Protein chains: 2
Amino acid sequence: MTAFDLNILGCGSATSTLRHLPSCQILNVRGHLMMIDCGEGAQLEMRRMHLKFSRLNHIFISHLHGDHCFGLLGLISTMALQGKGGTLTVHIFKEGAELFGRMLDFFCRERPFELKFNIIDTRKAVIYEDDAITVTSFPVNHRVPCVGFLFREKPKQRHINADACKQHDVPQHAMNSLRLGKDYVTPQGVVIPNTELTTDADPSISYAFCSDTKYSKRVINAVQGVDWIYHEATYGDENLKNAVKRYHSTARHAAVVAREAGVRRLIIGHYSNRYMDETVLLRQAQEEFPATMLAMEGMTIDLNKV
Amino acid sequence: MTAFDLNILGCGSATSTLRHLPSCQILNVRGHLMMIDCGEGAQLEMRRMHLKFSRLNHIFISHLHGDHCFGLLGLISTMALQGKGGTLTVHIFKEGAELFGRMLDFFCRERPFELKFNIIDTRKAVIYEDDAITVTSFPVNHRVPCVGFLFREKPKQRHINADACKQHDVPQHAMNSLRLGKDYVTPQGVVIPNTELTTDADPSISYAFCSDTKYSKRVINAVQGVDWIYHEATYGDENLKNAVKRYHSTARHAAVVAREAGVRRLIIGHYSNRYMDETVLLRQAQEEFPATMLAMEGMTIDLNKV
């Protein structure tokens, strides 16, 4: 099984508390780390969770509210001090690139890695792609321009059936093309169908991050059929008015999105600081969508186990 | 006794660790809070130490390295969300005012309080004064422009001797002028000397913050005869070369400064992340200046008890 883990570093909302840290998550995609949002304290939480700075090459910022990006300065400065190499790409709206770029050019001028800003906007677009994953941004509905991010694993390689390969004397150099689904042709010209020599690849998993946003049909459309979604659930039913007014969601909203989009699992977070016990939110969400869990700092979720 | 407490919120150095937070202190001057440096996480540490945002009206930034100021954005944003009123003054170098001003105008535009930047430079100057205290900046010697801050309590009021006042029938309205040291004149024109009606005021205490700096005669001159100093002690003797090269001090340097300046108590901090046990630093400092203590997050020091 190839690693596809979600680490929750912060799942609080704008007002800081001692119970939650501001928004930050890290996806571990086969050992490569991708950060989603970077609230203040992200660098410390990475240390606490033993996530290595050297493996972090992409940061995706959903929108330009401080609780989703103020950790960038400290994190990037520390990565520079730690001597990280290669490239660090921050996917961010234009004003964010300008503002943080100017700060970092002053406070963190000497960087052993290349710092790139990939300017995103609110249109649906593939903003990153590699051998393992495709990252698509999609518009959500918040007070300021804001996007969700959909991480979709690419089709994985088929598994070699070692016994069958041995039986057919398949040489080592043929294994890669078997993994890609090709048939094997013996030196005598006999075609052995791939399905006799391999077993199915693991399923490709998808994960969507939807925060901050009010309840939105756009989000439902964007995350249709996704395996996992994280959806903000700032409030409970009793604060529905606040949710609507401030372009946030209730836990029930998040759960209705999950149900309507036909996803398999829902994680809720971005809790308002008024909740001392988030199980209130969990219960309301589970009334609409039972496969809901509460995000919590320090949690690692194996997305393969959907 | 009027409150004059020093709260240590962070006493680590540039590279973040789980053992220390970056530079931040809060002086409680008779209930008014004054912050010195504002490393990332300062707002959370204020909550942890039950220090009220509403009482914080002045922030003094020693220099423009990230570990001394990256907490400003989150702290000021939270103060705005909390509805703090009045004025918040940030005493800071010009480039800092420009950079942070621009960030806050974007991320924290709606502020219920007035945000003022008081531009400081490396000259020795009185940068703030009120009824209780005078704050003087003075140059230290670091890689970038950097100042220390000297907080000097103003002379305090004399204590009323209630028994003596009763005996002489001193009316209530005369008490304030007694506290200021004036004699009391009875309705019959008899002068009662102040010293018969009052006892001496509490001593006025002084505290100097000296970080970051290499060992410097300038610092010794600036803190001559001060009661308490906090002096950075990034390294131990075995890293003397690093200290000199990076314009930092060893613990021994800090202690020699304390001794040469004739201060009464020394607090050391700004520990390099290489020290897992700071008592090494404490021992080296105490060889030069026994009245040394180690700063630690969460510590509150009553500066009256010098």
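In strand β3 of chain B, B:Cys38 is the bridge partner of B:Cys24. Helices (H or I, at least four residues) and strands (E, at least two) are DSSP runs, numbered from the N terminus. The structure is a predicted model, in which local features need pLDDT of at least 70 and side-chain atom pairs count only at pLDDT 80 or more, while totals for chains, interfaces and linings use all residues. Residues are numbered from 1 along each chain as its sequence is written, and chains are lettered from A and ligands numbered from 1 in the order in which they are written.

The strands β2 (residues 24-29) and β3 (residues 32-38) of chain B run antiparallel and are joined by six bridges; two strands pair if DSSP finds at least two bridges between them. Chain B has an open sheet of seven strands in the order β6-β5-β4-β3-β2-β1-β18, with mixed pairing. Its edge strands, each pairing on one side only, are β6 (114-120) and β18 (300-302) of chain B. On average, neighbouring strands of this sheet are turned by 20 degrees against each other, direction ignored. Axes here are lines fitted to C-alpha atoms, for helices over the stretch in contact, and angles run from 0 to 180 degrees between N-to-C directions. Helix α2 (residues 72-81) of chain B lies across β3, β5 (87-93) and β6 of chain B, and runs at about 170 degrees to β5(B).

In chain A, strand β2 (residues 24-29) is mostly covered, with five of its six residues buried. A residue is buried if 20 or more other C-beta atoms lie within 10 Å of its own, exposed if 12 or fewer, and partly exposed in between, with C-beta atoms placed from the backbone. Strand β1 (residues 4-10) of chain A pairs with β2(A) in the antiparallel sense over six bridges, and A:Ile8 stands opposite A:Gln25 in β2(A). β2(A) is also joined by six bridges to strand β3 (residues 32-38) of chain A, and the two run antiparallel. Here A:Asn28 stands opposite A:Leu33 in β3(A). With two residues between them, β2(A) and β3(A) form a hairpin, and A:Arg30 in the turn has a positive phi of about 55 degrees.

Helix packing was examined in chain A. Helices α9 (residues 251-261) and α10 (residues 279-288) of chain A pack at an angle of about 30 degrees, with their axes 8 Å apart. α9(A) is therefore roughly parallel to α10(A); angles under 35 degrees count as roughly parallel, over 145 as roughly antiparallel, 65 to 115 as roughly perpendicular and the rest as oblique. From α9(A), residues including A:Ala251, A:Ala255 and A:Arg259 take part in the contact with α10(A), where the partners include A:Leu281 and A:Glu288. Two residues are in contact if their C-beta atoms, placed from the backbone, lie within 7 Å. The contact of α9(A) with α10(A) has six nonpolar, one polar and three charged residues. Ala, Val, Leu, Ile, Met, Phe, Trp, Tyr, Cys and Pro count as nonpolar, Asp, Glu, Lys and Arg as charged, and the others, Gly among them, as polar.

The contact between the chains takes 25 residues from chain A and 24 residues from chain B. On the side of chain A that touches chain B, the elements giving two or more residues are α1 (42-48), α2 (72-81) and α3 (94-107) of chain A. The largest share of this side, six residues, comes from α3(A). Its residues divide into 12 nonpolar, eight polar and five charged.
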